[in-house]
Amino acid sequence: MRNRTPQAFQAYLKKIRDLAEGPFEAMEPEVQKTDRFPQEFFDLVQESGLYRCALPEEYGGWGMSDLELMQIQEEYSRGPGGMRMYLHYAMCMNWRILYDFGSEELKGEYMDKFQDGTVFTCFGLTEETGGTGADLHTTAVKDGDDYIINGEKTLISYAQYCNYAYVFAVTDPDSQKNDRLSAFFIPMDTPGMEVLPMPKPMGCRGAGYGKLKFTNLRLPKKFLIGKEGDGLHIAVHTLAVSRAHVAVSNLGICQRMMELSIARAKDRVTFGKPLCKRQMIQSYIAEMGTYINALRTMLYDFARDFDAGKEHETKAAMAKYFSIVTAQKVSDYMLLIFGGIGYFEDCEYGPVERLYRDCRVTWLEEGPPTVMKQTISRGLLQTDGELTYLV
């Protein structure tokens, strides 16, 4: 995919859709039981080049634009939710934090290992005892040329699969500013690191959720990302990009839910008439399509801004928030169109019940709707309501 002609790119998109709805779906019944991905999944991810899509070319990647990545993500988001989560992270936050903020020493040692999944990370921010911003309690205390880290993180996706963790900890507990936190890149085999299990989730099975526990973990200072006090800035900057890609996840899920709903509406006959001929069902489908098209337009606008290096935090939060509204509306209408049969597993049309469960996690990924609204309002107040658009 280094020479990406329009025809080659469209063929690649089809390949990813076929992968998501074919081999990935075939693995999913077992994943629903075990809550773990089989090795075959990781092998297919590597063979398909999905680890390399976003990674810069200087580190063995394909250096795709954000607009290209969104189109790829829409295709694999049609498949199982846990696999979608893993791939979303692999193509975005997994390497980007180290690339954007890591030292030249760390980048030289690790960046080229992202291209085949040799290095895979998790994002250790959320805690049970506090929020996910400056209100954290995990500590990193300087001790000579090392940091001593103590605390816990919870609801950490991929904790069961990763071999490195981005961890945010308090380095200046007395500060009243935004420089309380620092970011670290921690090898998972460091003494004092423990991964604790979590219960089976409602949806997105296999995503490897766990808790991280740090007990007097000694970390050399070379694993500090950025400078001391940069942690909140690093987290906010990274989440802003990822929020837009959570929205793309909803886009792919919603597109598939609409297609399944239309197939059902054409086939299901009651009182001598297919459902698609009934005005109320037509109104459901019309709303589904309108919301999905609006979401896709918002995301492509965000991607053009991001690729052009323009401010993107407000639009990312808008897209994430609107995607939640879209997923809620589309999934509810899907269930209404399918009726009772959509409430059961193994529906002949596709994984209707599972899609309904899987899309719910996006309410919470990278911040709930309340946080999105706060981010949006802050951005609009700073610009007196003005948003810019690239022509």
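Me: What's the angle between α8 and α9, and how far apart are their axes?

Reply: Helix α8 and helix α9 (residues 313-338) pack at about 160 degrees with axes 9 Å apart. The axes are lines fitted to C-alpha atoms, for helices over the stretch in contact, and the angles run from 0 to 180 degrees between N-to-C directions. Helices here are DSSP runs of H or I with at least four residues, strands are runs of E with at least two, and both are numbered from the N terminus.

Me: Where do these values come from?

Reply: This is a predicted model, where local features need pLDDT of at least 70 and side-chain atom pairs count only at pLDDT 80 or more, while totals for chains, interfaces and linings use all residues. Residues are numbered from 1 along each chain as its sequence is written, and side-chain values use heavy atoms, leaving out hydrogens and water.

Me: Back to that pair. Are α8 and α9 roughly parallel or roughly antiparallel?

Reply: Roughly antiparallel, therefore, for α8 and α9. The cut-offs are under 35 degrees for roughly parallel, over 145 for roughly antiparallel, 65 to 115 for roughly perpendicular, and oblique for the rest.

Me: Left-handed or right-handed crossing?

Reply: α8 and α9 cross left-handed. Left-handed is when the near helix is turned anticlockwise from the far one by less than a right angle, and right-handed is when it is turned clockwise.

Me: And which classes of residue make the contact of α8 with α9?

Reply: That contact has 21 nonpolar, 2 polar and 5 charged residues. Nonpolar covers Ala, Val, Leu, Ile, Met, Phe, Trp, Tyr, Cys and Pro, charged covers Asp, Glu, Lys and Arg, and the others, Gly among them, are polar. Contact means heavy atoms within 4.5 Å.

Me: What about α7 and α8, how do their axes cross?

Reply: The axes of α7 and α8 (residues 279-307) come within 10 Å and cross at roughly 155 degrees. That makes α7 roughly antiparallel to α8. The crossing of α7 past α8 is left-handed.

Me: Who's in the contact of α7 with α8?

Reply: Among them are Val248, Leu251, Gln255 and Met258 of α7, with Ile285, Ile292, Leu295 and Arg296 of α8. By class, the contact of α7 with α8 divides into 17 nonpolar, 3 polar and 1 charged.

Me: What does the side chain of Gln255 make a polar contact with?

Reply: The side chain of Arg296, at 3.2 Å. A polar contact is a pair of N or O atoms within 3.5 Å; within protein, one must be able to donate a hydrogen and the other to accept it, and residues adjacent in sequence count only if both atoms are side-chain atoms. Beyond four places in sequence, Gln255 is in contact with Glu74, Arg78, Ile292 and Arg296.

Me: Where is Met91?

Reply: Met91 is in the loop between α4 and α5, buried with a relative accessible area of 5%. Leaving aside neighbours within four places in sequence, Met91's contacts include Leu69, Ile72 and Tyr76.

Me: Are they buried or exposed?

Reply: Leu155 is exposed at 54% and lies in strand β3 (residues 146-156). Cys204 is buried at 0%, in the loop between β6 (193-197) and β7 (210-220).

Notes. Buried < 20%, exposed > 50% of the residue type's maximum accessible area, 1.4 Å probe, protein only.
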